Each structure stands twice: as C-alpha cells, then as structure tokens.
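The sequence and the structure are shown first.

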Amino acid sequence: MLLKSTNPQDAAYVSFKDATLKCLPKTGGLYVPASMPDVRHIIYAMDERTFYPDLLAPLTASLLESEMDSAAARRVSDNCASIQPELQVLDERFSILHLCRGPTGSFKDFGITFLSAVLEEIAPKDEHLVVASSVVGSLGTSLAHAFGMRKNISCVLLYPQGDFYGLSPQMLQRPGGGGNIIPIRLKNSSPDDCAALLTDLISDEQWTGRYPTTSANAINPSIFLPQSFYYVYAFIKLKKLLTGELFFSVPSGHFGNLISGLYAWKFGLPVNGFIAAMNVNNALDDLWKEPQTQKRIPARTISPALDVSYPGNHRQLISLYNEVPSVMRNMVFPKVETDAETEDAIDYAWRRYNILIDPHTAVAFSAALKFSSGKNFDGHIVILSTGAAAKAPSLIRRVTGREIYVPAHLAELQKKSEPLAEIPCELDFLESAIASCF
Ligand SMILES: *Cc1c(COP(=O)(O)O)cnc(C)c1O
C-alpha cells in the first residue's frame, strides 16, 4: 500500500513501511492511503463461522502484500491473533463489539500489537528505534507490554501533569541497564500539549537523524489501518442477521478509531454510517466550526480518554471530508453525551441487558440510544466497547449497585508509577531527557 500526505502540495508517495517508521510527512500533514485495497472478496467469502485469525491473515496481507513476502505477512497476523474482538448481539437493534479483552483492557491494544508485529519485521536490525507516544489512560502499559522485551527499541511515553499508573520500576530505561521504557512527565501540560510536543519531536530532522523516532499514536498507519479489521469482523458475524441499515457507534477522543472505521468503509465494508460519540468536549463540533488553531482546555469528565479538544487525527478526518463533503455528512453523525447521560446508559445497559459497561462504552451506548430513538429507525447499531468496565469499579458500583470483579492484570494498572524525568513541556528539555537515558 502507498500513502500520501494530507498536504495537497506534497505529491510524494511513501510505502507502508516507510510511513510506519517515519509517520509524519516532511511538509506537514498526516499520511493517508493513496489508494484503497478492495477487501470485498474477503468480506463476502466469510460469515459468522469465521475465526478472527482467518480474517486477520488476508486483511493483513492486503495492507502489506506488495512490501512483505507472504510468510512475513503471515507472521505479522499470527503475532496479532493473541487479542481478539468479540461480538455480542443484544437484540435486533444493538450489538456490543468487545475490544477490551487484551492485556490492558483497552481497544488500543489492537493497534499497538499490530505496530509491534510490523516493527518486528521491518525495523532496521542495526539501528536503535525510538517509539514515542503521548499517553492517556493505560496506553503506556499497553506499549510496555508490546515492546518491553525489545532490545533495539526504546519507548518514550509523554504523560501530562498528574498521576499515572501501571509501569513497574524494572521496566524503566536507565543508562547502563534496565528496561526500555522512558516515561516523562511534562509539567503543567494537558494531553493536547503532550500530543503537540510529540509532533515537534518527530518532525525535528536533526533529532530523528540521530535517533530514528516514530509515533505509536493513531497518526501511525500501523495503528489506524489495522483498527479497521474489527469493523469488518463485526460485519461478517452479523451479516446474516441484518435486515436494515448498519451503523457503528464509536466513543471518540482523537478520532483514531472512527477514522479506522471510515477506512473499513473505503475498503469495501457495507455500512450506512458512524456515530461519533463524544462527551461534552465535543471536539468534532470545534473542528468544523472554528479555526483549527483555537485551543481550549478540555473539561474533565467520567470518560477521560475522550477529554480531547484538539484531536490528533483531525487532518485525516478533514481530508476524508474534503474528498466528498456531502457523502461524509451522511456518513458521520456527531452526538454529545453529558456525564449524567453516560451514567444513565451504564444503568440502562445493566438493567435492560445485564451487562456492565465502562464509561467510554457508555458514551457510545447513550449516543446509540438517542440515534435510534426516532420512530422510523429500523437499523442495527454496533456499539464499540473500547474500555473494560473493571477499570472503573467504583463508578460502576455507584451507578448500578454491582460489585465488579477486577482481574489481576487490570489491578496492576492501578499501581501508581513514577516518571524517569519531569520536565517543562519544551522540545530541548525533552530531547536531552531522552538522550540522557542512553
Ligand atoms: C483512547 C480511547 C478512546 C478514544 O479513541 P480515539 O481513537 O482517541 O478516538 C475511547 N475509549 C477508550 C477506553 C480509550 O482508551
């Protein structure tokens, strides 16, 4: 697959491998596919009896085939099969797509696992690679899981002001020995500030000349393209049951997940639309109405991974929009949910369907309830469950009165961690802090 920049002045095409290793184009913008693989023959050949790994292998090959031999593409898909989506049909209107059964209870485990498997094949063996990420929630732990044992990769995690959790001291990279994880706290910073500093780091050619650096956020095609696979999976599991339109409701912060869904559609998935389910931070509204330089501090909510005012993937979204705005307006339906509505959805899901859902999933559930409430609606909505309910036990208990079992691997995520460095949110400080770990 070839990719190009969202910057229309930049006509260069790059390979999937190159865009994975250097995920920001030199002239600004983000990488988007220059042409779409058509996966309809895969979608139509499979049905509800298909096992996820049997879908994963041909989809992986369709992204990588011209750049990797089929044995390597097979190794990539085998390495990703350890974490699987699971579709639960609730009734004729709703299904839940469980994406939170991986090591850190977040859908981000899917993209990270794929990136890790691809880098295993393509990272230059004679070079040390830096994988840097601006981190919310358990993303840092997800990266530590995927990359923790790698000799030739260091993981830089940029945390905003505040506490963070789930990294043990043995994982940390110190000069002369230890692990390969470099958590850095940026003083007085928001998650948006961390994302902006990450962009500065990987755009600094002097830096990347010395320390090749790529991102593990959803701007990397090895994150946002494989996330399209589970949308395809949901469809093949459902297709015999569907009688009307199909929608996905996606809890949205940086819109990486939503963009993945839109690519699944571009690759040939028959879907009628996506509900962009946001909390009161309503970043999409901002994106359409205001100049993109306008920044505001996001409000804190009970769905913190959606507390975004400046989405990292906005350029890709705009670029999809600008292709055919009228089509996109009928494809993406923004919905905004308050904390009270989110709690109501947690309560409703428990009482009506006997399932305990996390607050991010509940934002999507609440949006799906609103979307389907019109009297003419006869479609089906797949609600993406992006986070595990066991990561918000006290909230779930307060809203539903139910105790929730917290498995050991998720309990680990609650252990407070210390950064290796705490620095001002400035590029010079960041570069010297990373360099001092080698
Ligand atoms: C990151 C995250 C989201 C938001 O995904 P985006 O791709 O940033 O829109 C939603 N839910 C959970 C649990 C997350 O960790």
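A residue is called buried when its relative accessible area is under 20%, exposed when that value is over 50%, and partly exposed in between. By this criterion, buried residues make up 58% of the 438 residues in the chain. The model is a predicted one.

**Overall build**

The chain contains 19 helices and 18 strands. Its radius of gyration is 21 Å, close to the 22 Å given by the globule rule for 438 residues, so the chain is as compact as a globular protein of that length. The C-alpha trace spans about 60 × 50 × 45 Å along its principal axes. Among contacts with a separation of 6 or more, 74% come from residues 24 or more positions apart.

The chain exposes about 18100 Å², and carbon and sulfur atoms supply 51% of this area. As for charge, there are 39 positive and 45 negative side chains, and the centres of the two sets lie 3 Å apart.

**Aromatic pairs**

A pair of aromatic rings is described by the distance of the centres and the angle of the planes. Across the whole structure, a search finds 21 aromatic pairs. In one of them, the ring centres of W207 and Y211 are 4.5 Å apart and the planes stand at 35°, so this pair is tilted. W207 is buried, at a relative accessible area of 1%. Y211 also forms an aromatic pair with F438; this one is stacked, with 5.3 Å from centre to centre and 20° between the planes. Because Y211 lies in the loop between α8 (205-210) and β12 (213-215) and F438 in the segment after α19 (427-435), the pair ties together parts that are 227 residues apart in sequence. F438 counts as partly exposed, with a relative accessibility of 37%.

Elsewhere, one aromatic cluster is formed by F110, Y230, Y231, F248 and F274.

**Selected residues**

| Residue | Relative accessible area | Class |
|---|---|---|
| Q170 | 63% | exposed |
| S134 | 12% | buried |
| N188 | 70% | exposed |
| F255 | 2% | buried |

Two of the tabulated residues can be described by their contacts. Q170 lies in the loop between β8 (164-165) and β9 (173-174). Apart from neighbours within four places in sequence, Q170 is in contact with G178 and G179. From Q170 to H41 the C-alpha to C-alpha distance is 47 Å, and the two residues are 129 residues apart in sequence. S134, by contrast, is found in strand β6 (residues 129-134). With neighbours within four places in sequence again left aside, S134 is in contact with L139, L158, P191, C194, A195, L198 and N217.

Phi of N188 is near 50°, a positive value in a residue other than glycine. N188 belongs to the loop between β11 (181-186) and α7 (191-203). For F255, phi is near 70°, which is likewise a positive value in a residue other than glycine. F255 is placed in the loop between β13 (246-251) and α11 (256-266).

Technical notes
Residues numbered from 1 in each chain as written. Predicted model: local features only at pLDDT ≥ 70, side-chain atom pairs only at ≥ 80, totals over all residues. Heavy atoms only, no water. Phe/Tyr/Trp six-rings, centres within 6.5 Å; stacked < 30°, edge-to-face > 60°. Buried < 20%, exposed > 50% of the residue type's maximum accessible area, 1.4 Å probe, protein only. Helix = DSSP H or I, 4+ residues; strand = E, 2+ residues; numbered from the N terminus. Rg over C-alpha atoms; globule rule 2.2 N^0.38 Å. Contact = heavy atoms within 4.5 Å. Areas by Shrake-Rupley, 256 points an atom, 1.4 Å probe, with all protein chains shown as cover. Lys, Arg positive; Asp, Glu negative; His and termini not counted. Charge placed at Lys NZ, Arg CZ, Asp CG, Glu CD.
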